[in-house]
Amino acid sequence: MRSRYAAFVVRDEAYLLRTWHPDTRPPAVDFDPAMRWVRLEVLETTEGSPFHTTGTVTFRAHYTDNGRPGSLHEKSRFVRHEGAWVYATAVFVD
């Protein structure tokens, strides 16, 4: 999760697409030029150890959009795909 957040911060589309499950991966990542990611809070994790095939990360990502602060609260589901952890789906919280 932290690496994907960092990829959003630096707008690394290739990394984001590579770490997205092929069944849910979009054709491209549309970055909003007015949005700046400023902080990530990991609130909860479930499973996700070397012995699991799935896991979740609940987080709050803080940003500014045209200078106005905001946050995204999400519970993301990750799965192992071809030996690597990839982002599969999410549920927005709040």
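Which residue forms a salt bridge with E41? Select E41 and R39 in this predicted model: R39 is the partner, and the closest N and O atoms of the pair lie 3.7 Å apart. A search of the whole structure finds one salt bridge. Colour both residues by accessibility. E41 is partly exposed, at a relative accessible area of 25%, and R39 is also partly exposed, at 44%.

Next, select helix α1, residues 2–10. Its buried residues are R4, Y5 and A7. They sit on the same side of α1, because the arc they cover around the axis is only 155°. Turn to the face pointing away from this buried side, and you will find the exposed residues R2 and V10.

Now show what surrounds the buried side of α1. Its buried residues pack against α2 (13–18) and against the strands β1 (35–47), β2 (54–65), β3 (68–81) and β4 (84–92). At the end of the helix, stop at R11, which follows α1 and has a positive phi, near 60°.

Then move to the largest nonpolar core, which has 13 residues. Select W20, V29, W37 and A61, the members that touch the most other members. Elements giving two or more residues to this core are α1, α2 and β2. The most comes from β2, with four residues. In soluble globular proteins, nonpolar side chains tend to be buried together.

Finish on W20 and display its contacts. Leaving aside residues up to four places away in sequence, W20 touches R4, R25, P26, V29, V86 and Y87. Among these, R4 is one of the buried residues of α1, and V29 was selected in the core.

Technical notes:
Residues are numbered from 1 along each chain as its sequence is written. This is a predicted model: local features need pLDDT of at least 70, side-chain atom pairs count only at pLDDT 80 or more; totals for chains, interfaces and linings use all residues. Side-chain values use heavy atoms; hydrogens and water are left out. A salt bridge is a side-chain nitrogen of Lys or Arg within 4 Å of a carboxyl oxygen of Asp or Glu. Buried means under 20% relative accessible area, exposed over 50%, partly exposed in between (1.4 Å probe, protein chains only). The arc is that of the directions from the helix axis to the C-beta atoms. Contact means heavy atoms within 4.5 Å. A nonpolar core is a set of buried Ala, Val, Leu, Ile, Met, Phe, Trp, Tyr and Cys residues joined through side-chain atoms within 4.5 Å.
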